[in-house]
Amino acid sequence: MNDIVIIALTGLTTGITTVLFGFGGGFVVVPFVYQLLRRQPELTGNAMHIAVATSTAVMIFNAGWVSYQNWRAGKLSSQTLFPLLWFIAIGAFVGSWLAGIMSEGFVRALFILYMLVTIGDCLLRKGFFSDSAPRRLSSFMVTGGGIAIGMIAALLGVGGSVMTVPLLRRHGYAMRDCISVANPLSLPVALCGTVTYAVIGWQCIPVSGFIGFISLKILGLLILSGWAGIVFSRRVIPAIPDIWHARIYVLLLCLVFVVMLL
């Protein structure tokens, strides 16, 4: 019963952070699901793979629904979204394949390292907390950056928001615009990752209720509670000033890093 409550609260938080910060699932789901699964002897050896796989599946629903709502409201910029979307999809395919051949401990270490680098980049490099006029992404940033974002995001099950938001922020975009674009940019990562983890994890888990590495029970709970979090965010939480939006974004990254490290 306690596990169900924890998963439901995690899903609720995921829905809220999807709307406010573009976190489709990974940075909230992975640490908590990983800790829960480590307590189950039959799943301990695959705890990180299950957490990452289930996280990518959750992103399809959370990021997909929020992206649809933003599209209906006219908040998506096709000029910013394309062609970055296609290169992220290419990287996501590569990252999902690499995740299948890497060890449990190595994926966890990469997750922690990735969090540390991202936080340091936001805090130490100029541009994330300052305002400037929006600038177009260079061709190299679209191609090379897009592939790198997709590959790392799919490998670690974190979606692309934690890389696309800082990238766009440094090119002068407001936080609300960065986050609106971050959700649809997470979709190719989620789709590629979900299919890949379902295939490479087929019959690897010795208990029922799994499609590959994806836990159907946890996925269902996260989707339902995540939807509640999305509705709550849109109806209750007021707009956040841009500078505080950026500060809270980095603070959340720090909290998840500490949880995963400990």
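## A buried arginine

R169 is buried, with a relative accessible area of 2%. The model it sits in is predicted. What does R169 form with D242? The two residues form a salt bridge, and their closest N and O atoms are 2.6 Å apart. D242 lies in helix 11 (residues 242-261) and R169 in helix 8 (residues 161-170), so this pair ties together parts that are 73 residues apart in sequence. D242 is partly exposed, at a relative accessible area of 21%. Buried means under 20%, so D242 falls in the partly exposed class.

## The other salt bridge

The structure holds two salt bridges. D3 and R39 form one of them, with their closest N and O atoms 2.8 Å apart. D3 belongs to helix 1 (residues 2-21), while R39 sits in the loop between helix 2 (26-37) and helix 3, so the pair ties together parts 36 residues apart in sequence.

Are these two residues buried or exposed? D3 is partly exposed, with a relative accessible area of 28%. R39 is exposed, at 54%. Side chains of opposite charge can pair when their charged atoms come close.

## Overall build

The protein has eleven helices and two strands. From the N terminus, the elements run α-α-α-α-α-α-α-α-α-β-β-α-α. The radius of gyration is 17 Å, close to the 18 Å that the globule rule gives for 262 residues, so the protein is as compact as a globular protein of that length.

Along its principal axes, the C-alpha trace spans about 55 × 40 × 35 Å. Of the 262 residues, 51% count as buried.

Helix 7 covers residues 139-156. At 1.5 Å a residue, its 18 residues should span 26 Å. Its end C-alpha atoms are 25 Å apart, which agrees.

Where does helix 7 bend? The bend is at G145, by about 25 degrees. G145 is also one of the buried residues of this helix. Other buried residues of helix 7 include V142, G146, I149 and G150. A153, A154, L155 and L156 are buried too.

Which residues make the nonpolar surface patch of about 510 Å²? They are W65, Y68, W71 and W227. Helix 3 (residues 47-72) gives the largest share, three residues. W227 is found in helix 10 (residues 216-236).

Terms used. Residues numbered from 1 in each chain as written. Predicted model: local features only at pLDDT ≥ 70, side-chain atom pairs only at ≥ 80, totals over all residues. Heavy atoms only, no water. Patch = residues over 30% accessible without salt bridge, like charges linked within 9 Å, V, L, I, M, F, W, Y side chains within 5 Å. Areas by Shrake-Rupley, 256 points an atom, 1.4 Å probe, with all protein chains shown as cover. Salt bridge = Lys/Arg side-chain N within 4 Å of Asp/Glu carboxyl O. Helix = DSSP H or I, 4+ residues; strand = E, 2+ residues; numbered from the N terminus. Expected span 1.5 Å × (residues − 1). Bend = angle between axes of the 7 residues up to and from the residue. Buried < 20%, exposed > 50% of the residue type's maximum accessible area, 1.4 Å probe, protein only. Rg over C-alpha atoms; globule rule 2.2 N^0.38 Å.
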